[in-house]
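Me: Got a structure I'd like to go through with you. I'll paste it here.
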There are 2 protein chains.
Amino acid sequence: MYKSVKSFKISEKKERLKNSLKEKGLKSTRQRDVIATEFLRGTGHITAEDLYKKIGRKHKGIGFTTVYRTLKLLTTLGLATERVFADNLTRYEPLPAEDHHDHLICINCGTITEFENMKMERLQEKISNEFGFYTVIHKMEIYGYCKKCKYHSTEVSEYELNKAKAKNKK
Amino acid sequence: MYKSVKSFKISEKKERLKNSLKEKGLKSTRQRDVIATEFLRGTGHITAEDLYKKIGRKHKGIGFTTVYRTLKLLTTLGLATERVFADNLTRYEPLPAEDHHDHLICINCGTITEFENMKMERLQEKISNEFGFYTVIHKMEIYGYCKKCKYHSTEVSEYELNKAKAKNKK
DNA sequence: AAGGAAAATGAAATTCATTTTCAAAATAAA
DNA sequence: TTTATTTTGAAAATGAATTTCATTTTCCTT
Ligand SMILES: [Mn+2]
Ligand SMILES: [Mn+2]
Ligand SMILES: [Zn+2]
Ligand SMILES: [Zn+2]
């Protein structure tokens with residue numbers, strides 16, 4: 001039977017999750033399976049809140065707390081990573097991604113584009129060394145207008161708008 | 001009378017503040033003067049909370065809210081800028097600084113070191129362009145162990161410790 | 001299969017930095 | 001002064017993140 005590359009990777013990760021759980025004396029549950037599956041299927045950069053909503057549409061009775069805790073768990077187990085961009089929300093993306101990467105973030109439409117640049121990595125390391133630093137992680141984000149939004153930037157930024165909405169909600 | 005370069009710059013900035021206030025129909029107050037002075041004297045990367053405490057020692061009766069609002073005001077007027085590092089606290093530093101700069105942050109002692117690297121700036125711009133982005137700002141932070149802390153990292157991170165303290169306070 | 005210990009769940013409560021509210025005080029123009 | 005406008009600051013509100021705890025579920029052992 002045909003199997004896409006992506007679904008293969010997902011099942012591989014789910015296998016890894018299952019093993020890690022057993023190894024640590026933790027339990028496999030319906031909730032963890034649903035949450036992990038839905039999360040790993042996604043394109044990443046999702047908040048616990050949004051994943052909770054996404055799941056809520058298809059599956060009944062999975063609480064926000066469990067989604068939140070499962071994302072934390074996946075992070076602990078090396079299957080996810082946390083990202084905090086300028087809107088100060090904690091987002092998660094599946095790991096291991098192709099490789100280390102940084103982000104371009106559109107302040108109009110919120111689109112997040114990933115990039116990887118070895119020259120940049122080496123330069124960062126060089127700078128770090130110059131100051132006698134030992135680098136653990138780095139964060140590199142470029143904020144601006146994406147290709148699509150570049151020429152329409154007289155409108156109110158949807159990204160800013162979302163922040164405003166988030167504030168006014170309820 | 002002798003005047004240091006730095007105090008000259010501070011009075012220059014305070015002059016600018018005074019003018020901006022008048023221009024916008026805002027008022028000059030004792031609080032704003034004290035807060036601006038104390039802030040501009042500092043080395044930057046200070047939270048509203050810490051500036052409030054620092055001021056509290058010398059001057060009586062300046063509320064946290066006013067410190068908070070004055071830092072926001074200075075930011076609006078282009079005399080300060082907000083920075084949010086991995087501990088998720090909003091810090092402020094005087095502007096205009098020498099130039100645009102990025103940060104090296106020690107995850108052991110919390111020391112923040114500034115650096116400026118033109119090669120890095122150009123490379124970022126190049127990457128942005130490749131994706132058709134129009135760059136507005138960028139964020140580049142390197143987290144690791146500083147020169148001092150590099151060889152003592154078996155101890156509990158003071159940076160982490162502060163986060164813990166912050167949590168347990170009260 | 002039961003039994004039982006340990007872990008997981010989820011609604012509700014808590015935390016904590018940030019932001020807003022509002023009544024009283026201060027500022028500055030007339 | 002007088003008066004309109006702004007500022008102040010204590011207290012309240014906000015909201016995302018985290019914790020609590022009673023109940024339920026898992027899964028290991030008889
Ligand atoms: Mn990413
Ligand atoms: Mn700085
Ligand atoms: Zn866009
Ligand atoms: Zn250090």
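Reply: One term to start: buried area is the accessible area (1.4 Å probe) that two parts lose on being put together, summed over both. This is a predicted model, where local features need pLDDT of at least 70, side-chain atom pairs count only at pLDDT 80 or more, and totals for chains, interfaces and linings use all residues. Residues are numbered from 1 along each chain as its sequence is written, chains are lettered from A and ligands numbered from 1 in the order written, and side-chain values use heavy atoms, without hydrogens and water.

Me: OK, how much area is buried between chain B and chain A?
Reply: About 3100 Å², with carbon and sulfur atoms giving 71% of it.

Me: And how many residues are in contact there?
Reply: 34 residues of chain B and 34 of chain A, contact being heavy atoms within 4.5 Å.

Me: How many salt bridges between the two chains?
Reply: The count is 0, taking a salt bridge as a side-chain nitrogen of Lys or Arg within 4 Å of a carboxyl oxygen of Asp or Glu.

Me: Last one: how is chain A divided?
Reply: Into domain 1 (5-94) and domain 2 (102-169), with bounds from an automatic or database domain assignment. In chain A, domain 1 and domain 2 bury about 720 Å² between them, 58% of it on carbon and sulfur atoms.
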